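Please look over the model shown here before reading the points below.

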Amino acid sequence: MKKLIMALAVAALVSGCADKDFGEVVNDGVNGAIDGVLGSVGVGNGTVVKNSDGGFSVEEEEVWPHRPERTRRDYGEIKVAKTKKNPKGRTEIFVESCAHQRIGSVDCDGWMFEVTAEGWLVEDSILVYGDRTYSIAAGQYYAKFGSKDTGTKYYATGEVNIVPFVTNYIAITVE
């Protein structure tokens, strides 16, 4: 590790990098290294942050899928992959797929919270699990899904717009 840091310092001096540029190079290098380590051991939702004292630290965020609160940033992806007319003419959702980029298909469950016109989350949630179809009201929802049986919890959080009077097939990618 010391050799790598020394090589970066020498390369920066030879190329004439300014302090700011060098800081960005180190930051990117540290972020890449920690992302690689965190990804390989399965500790998700960590971000490397440069501290005011010039050091670096890993910030993690606890994700509580059942609580009506937004995460600091969106994790993974939640989207309506397709819609299909259903014989009942109701607004329904069905989780078509849940996957992790390096694992493949995973089982996941989660909660969906309706979003008010002002952007607040309604406390009453819809628990979504298994291969079931759920009848819900159309509109904007904030969803939080977590993987199951993967050894480490991976999450997907974000808003999704549910289209009225059709079955909305939801595709989830956890990270």
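1. A search of the whole structure finds 4 salt bridges (a side-chain nitrogen of Lys or Arg within 4 Å of a carboxyl oxygen of Asp or Glu). This is a predicted model, in which local features need pLDDT of at least 70, side-chain atom pairs count only at pLDDT 80 or more, and totals for chains, interfaces and linings use all residues. Residues are numbered from 1 along each chain as its sequence is written, and side-chain values use heavy atoms, with hydrogens and water left out.

2. One of the salt bridges joins Arg70 and Glu159, at 2.8 Å from N to O. Arg70 lies in the loop between strands S2 (56-60) and S3 (77-84) and Glu159 in strand S10 (residues 155-162), so the pair ties together parts 89 residues apart in sequence (strands are DSSP runs of E, at least two residues, numbered from the N terminus).

3. Glu175 and Arg73 also form a salt bridge, at 3.0 Å from N to O. Glu175 is in the segment after strand S11 (167-174) and Arg73 in the loop between S2 and S3, 102 residues apart.

4. Lys82 and Glu96 meet in a salt bridge at 3.4 Å, N to O. Lys82 belongs to strand S3 and Glu96 to strand S4, 14 residues apart.

5. The lining of the second largest pocket has 15 residues; Val95, Asp107, Cys108, Gly130 and Asp131 lie nearest the centre. A pocket is an open set of points on a 1 Å grid over the protein atoms alone, where a 1.4 Å probe fits, with protein on both sides within 12 Å along at least five of seven lines; lining residues have an atom within 4 Å of a point. S4 gives the most to this lining, with 4 residues.
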